[in-house]
Amino acid sequence: MKTKIISFIFYYLFISISISVGKSEVRMPTHVNWVITVDMKSFHDSRIGKFIMEKIKYAPNINQKMEGLKNAFGVDLKEMREIYAYGSGEKDKGTAILHGGINSKQLEGFASLNDKVEIDEYQNTKTYTFQKGTLGILSKDSVVVASNKELLQESLKSISGDKNNALQTFLDSVEKKQDAIISIGANLLKVSKLEKKIKPEQEIILKKFKNIVIILDETEDHIRISSFLQATKSETANHLENIFRSWPSLLALIKGANEELDEVMKNVEFSVSRDGKTVGIATQISHAFFESKVEEELDKKKIRKGSI
């Protein structure tokens, strides 16, 4: 029973870290089709990050989970510097590399409690393999967590090697143009096929594109979400650019149908760009409007609970 509990906790740790999800020197293995990077330092320094963390102080459930991670495993999300997670798209398979906010000694001590843990060393890194999940100690405050031993070893090879893939190259080229807080990249066709959630008509459309990258960053006054689609042909990129540029006009046609949507559209700015086969659309919303809407939703939640 103790072995199952410990294995489950490490599996939960991996899932929690992965979905919480900057970018390190790691290069993605060739099989990777999706990646999420979070520059935690930039997040905590940003206006949106400070606003969200302030609200978390008054969210007991989230606070409790964060304190649980810190006390049980030595994982302090508030002190973490960067998170880098990736995978092929296969269900329940992925890797997360974390820098900062980690008490590696505490994690190792907890790992050793498992009666059936396999302790080994690979690429000069101490590893722990459980029934569900594996752990590699990179330094006193950095670790790699993976779904299985094979993925862990692949990640350690990538840290010290020079593997690369098309998604990583595209992500790098886009990130050079702006300071990302959060980046999400994926080969939609490959991920959809591996998840077995694709219909024939969807496959026809997705074959026209290579990769997509979504980046969250901010300016002094705005929160910005930028989406970049890499087309296989210039003709496809041209069609996509025309569609993006027509969005404001299309949205104007439904003005008045929904008051909440109208309010959002008044406070959203769109801009479209194109560089060869890559088409981008940036959506900006003011910090003030975002914060006011969050406050409104929190007040509504309190009213529903009968708090005020």
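A: First, a term: Ala, Val, Leu, Ile, Met, Phe, Trp, Tyr, Cys and Pro count as nonpolar, Asp, Glu, Lys and Arg as charged, and the others, Gly among them, as polar. This is a predicted model: local features need pLDDT of at least 70, side-chain atom pairs count only at pLDDT 80 or more, and totals for chains, interfaces and linings use all residues. Residues are numbered from 1 along each chain as its sequence is written, and side-chain values use heavy atoms, with hydrogens and water left out.

Q: How do the residues lining the largest cavity divide by type?
A: Seven are nonpolar, one is polar and one is charged.

Q: New topic. How many aromatic pairs are there?
A: Three, across the whole structure. Ring centres must lie within 6.5 Å; planes under 30 degrees apart are stacked, over 60 edge-to-face, the rest tilted.

Q: Why is the pair of Phe51 and Phe290 edge-to-face?
A: Because the planes are at 65 degrees, with centres 6.0 Å apart.

Q: Where do they sit?
A: Phe51 is in helix α3 and Phe290 in helix α12, so the pair ties together parts 239 residues apart in sequence.

Q: Is Phe51 buried or exposed?
A: Buried, at 12% relative accessibility. Buried means under 20% relative accessible area, exposed over 50%, partly exposed in between (1.4 Å probe, protein chains only). Phe290 is partly exposed at 26%.

Note on methods. Helix = DSSP H or I, 4+ residues; strand = E, 2+ residues; numbered from the N terminus.
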